[in-house]
Amino acid sequence: MTKTDKKSFHQSLAEWKLFIYNPTTGAFLGRTAKSWGLILLFYLVFYGFLAALFTFTMWAMLQTLNDEVPKYRDQISSPGLMVFPKPVTALEYSFSMSDPESYKGYIEDLKKFLKPYGLEEQKNLTACGDGAPPPVYVACQFPVSLLEECSGVNDPNFGYSRGHPCILVKMNRIIGLKPQGKPRIDCTHQKGDDNVTLTIYPPGGTIDLKYFPYYGKKLHARYLQPLVALQLGFGTSSTAREVTVECKIDGSPNLKNRDDRDKFLGRVVFKIAMHA
């Protein structure tokens, strides 16, 4: 048969049948039973070794981890600040006293955020003494009454319906952080209407050292962060007013509120506008 000659269908079929199983040599798909056995044994040993190596590597790595404290943490020695309620756009709040729907979302967010701080939720926490670090792994109570007019107890609208909106400020958690001195959160006008009053609760924005250090979610499962509330006094004026406020950590030598590489380290700036 020359190269130009085509095999007949029966010849091709016969060759395929012979390739699939050769009754003369007992080969299946071109390999004898011994050949198939050797190649399967090789891959079994090879992939078994890879699986064992992977398992051993994972086991060895897990032995270096602490189940209670992360092995690798951000190299941030000073916390940032967060504000509540969560603003709809960036760090800007806007509402109107005459339109409850404009601040309904803010009130709901504040109530949701403060729910863990309720008396019932805190009944199993420890009433720690002021000024001194608590025993290890003990979660201290944070009396929501410290927030006074911004606690939501006496005014369920958090001042928004009266032109005196409340903003809650908290420090981010950092495992093992022990502030020095007398840390506080200080809030001041940055720009805008200078006639808007700023009132801070607790007075002076103080943060008690009994809430530090934080040991992590597993060891400090019921930990509550200390809060500071800022109440702005727009009053009942019918004219639109807005102000930009800066809150920053102060009073502690090991907590930074200024960094050339991170302008938000230890501080937060937000704008709040009240419309007629």
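This report describes the disulfides of a predicted model.

## Disulfides in the chain

Across the whole structure, a search of the predicted model finds 3 disulfides.

## Cys128 and Cys140

The sulfur atoms of Cys128 and Cys140 lie 2.0 Å apart and form a disulfide, and because the torsion about its S-S bond is about -90°, this disulfide is left-handed. The pair links distant parts of the chain, with Cys128 and Cys140 each placed in the loop between helix H3 (100-114) and strand E5 (166-171), 12 residues apart. Cys128 and Cys140 are both buried.

## Cys150 and Cys166

Cys150 is joined to Cys166 by a disulfide in which the sulfur atoms are 2.1 Å apart, and the link is left-handed, with -80° about the S-S bond. This pair also connects distant parts of the chain, running from Cys150 in the loop between H3 and E5 to Cys166 in strand E5, 16 residues apart. Cys150 has 0% relative accessibility and therefore counts as buried; Cys166, at 0% relative accessibility, likewise counts as buried.

## Cys187 and Cys247

A disulfide with an S to S distance of 2.0 Å joins Cys187 to Cys247, and with 110° about the S-S bond this link is right-handed. Here the distant parts of the chain that are linked are two strands, since Cys187 belongs to strand E6 (residues 184-192) and Cys247 to strand E9 (residues 241-250), 60 residues apart. Both cysteines of the pair, Cys187 and Cys247, are buried.

Note on methods:
Residues are numbered from 1 along each chain as its sequence is written. This is a predicted model: local features need pLDDT of at least 70, side-chain atom pairs count only at pLDDT 80 or more; totals for chains, interfaces and linings use all residues. Side-chain values use heavy atoms; hydrogens and water are left out. A disulfide is a pair of cysteine sulfur atoms within 2.5 Å. Helices (H or I, at least four residues) and strands (E, at least two) are DSSP runs, numbered from the N terminus. Buried means under 20% relative accessible area, exposed over 50%, partly exposed in between (1.4 Å probe, protein chains only).
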